[in-house]
Amino acid sequence: MDNAILPVIFAYSHFLAVIFLFSALVVEYNLISPTMDIEKVRRLVKVDLLYGISAGVVLLAGIARVFFEKGPDYYSDNPIFLVKVTLYLVIGLLSIFPTLTFLKWRKQLAAEQLVPLTDNGIEQEKIRAIMMIIRIQLCLLCLLPLFAVTMSKGFNSF
């Protein structure tokens, strides 16, 4: 394979994964509610897995782009890139609580021990917190393309 095509493949993979990541988060937000039934919980658990896979592909394709495009020196000296990476890490850290909750629900579903979420006050508080976290993640995700575009236009400072 021609080495000139690798940056194209990595960039395309990166962009596509970001689209899947954002889409999965939108679907999660639309599925989660204080009145979820078991079927919605099942779908939510599956969508969160897709969200995690997308996040991994975004990260791996992004790392590949750093090494196969302009090189680590260009990116490590660019404060806009550092803000973009920090923002991505914050989004990732925010996803820990929802994912851990969904994994717990998945185990309960597998063991057929998931109590109705509408009757469980603790789970209701978790659901509200997760809804807020997803809103914040979506807002932060909307900023990532701004930093990407400014970097692509040659900006390397604020």
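R128 is partly exposed, with a relative accessibility of 44%. This is a predicted model, so treat every value here as computed from it. The side chain of R128 meets that of E125 in a salt bridge, with N and O 3.9 Å apart. Where do these two partners sit? R128 and E125 both lie in helix α6, three residues apart, which is about one turn of the helix.

Let's stay in that helix for a moment. E123 and K126 also lie in α6, again three residues apart, or about one turn. They form a salt bridge too, and their closest N and O atoms are 3.8 Å apart. Is E123 buried or exposed? E123 counts as buried, because its relative accessibility is 5% and the cut-off for buried is under 20%.

Now for another pair. E69 and R65 join their side chains in a salt bridge, with 2.8 Å from N to O. E69 is partly exposed at 29% relative accessibility, whereas R65 is buried at 17%. How many salt bridges does the model have by this rule? The count comes to four. As background, side chains of opposite charge can pair when their charged atoms come close.

| Salt bridge | N to O distance |
|---|---|
| E69 and R65 | 2.8 Å |
| E123 and K126 | 3.8 Å |
| R128 and E125 | 3.9 Å |

On to the nonpolar side of things. The largest nonpolar core has 36 residues, and I32, M36, V41 and W105 have the most contacts inside it. Which helices build this core? At least two residues each come from α1 (5–31), α2 (38–68), α4 (79–94), α5 (96–110) and α6 (121–152). Of these, α6 gives the most, with 10 residues. So the helix that holds the E123–K126 pair is also the top contributor to the core.

V41 is worth a click in the viewer. Leaving aside neighbours within four places in sequence, V41 is in contact with M36, W105, L109, L114 and L117. Two of the names there, M36 and W105, are also on the list of core residues with the most contacts.

Finally, have a look at F15, which is in helix α1. F15 is partly exposed, with a relative accessible area of 46%. How far apart are F15 and L140? They are 125 residues apart in sequence, and their C-alpha atoms are 16 Å apart in space.

Methods
Residues numbered from 1 in each chain as written. Predicted model: local features only at pLDDT ≥ 70, side-chain atom pairs only at ≥ 80, totals over all residues. Heavy atoms only, no water. Core = buried A, V, L, I, M, F, W, Y, C linked by side-chain atoms within 4.5 Å. Buried < 20%, exposed > 50% of the residue type's maximum accessible area, 1.4 Å probe, protein only. Helix = DSSP H or I, 4+ residues; strand = E, 2+ residues; numbered from the N terminus. Contact = heavy atoms within 4.5 Å.
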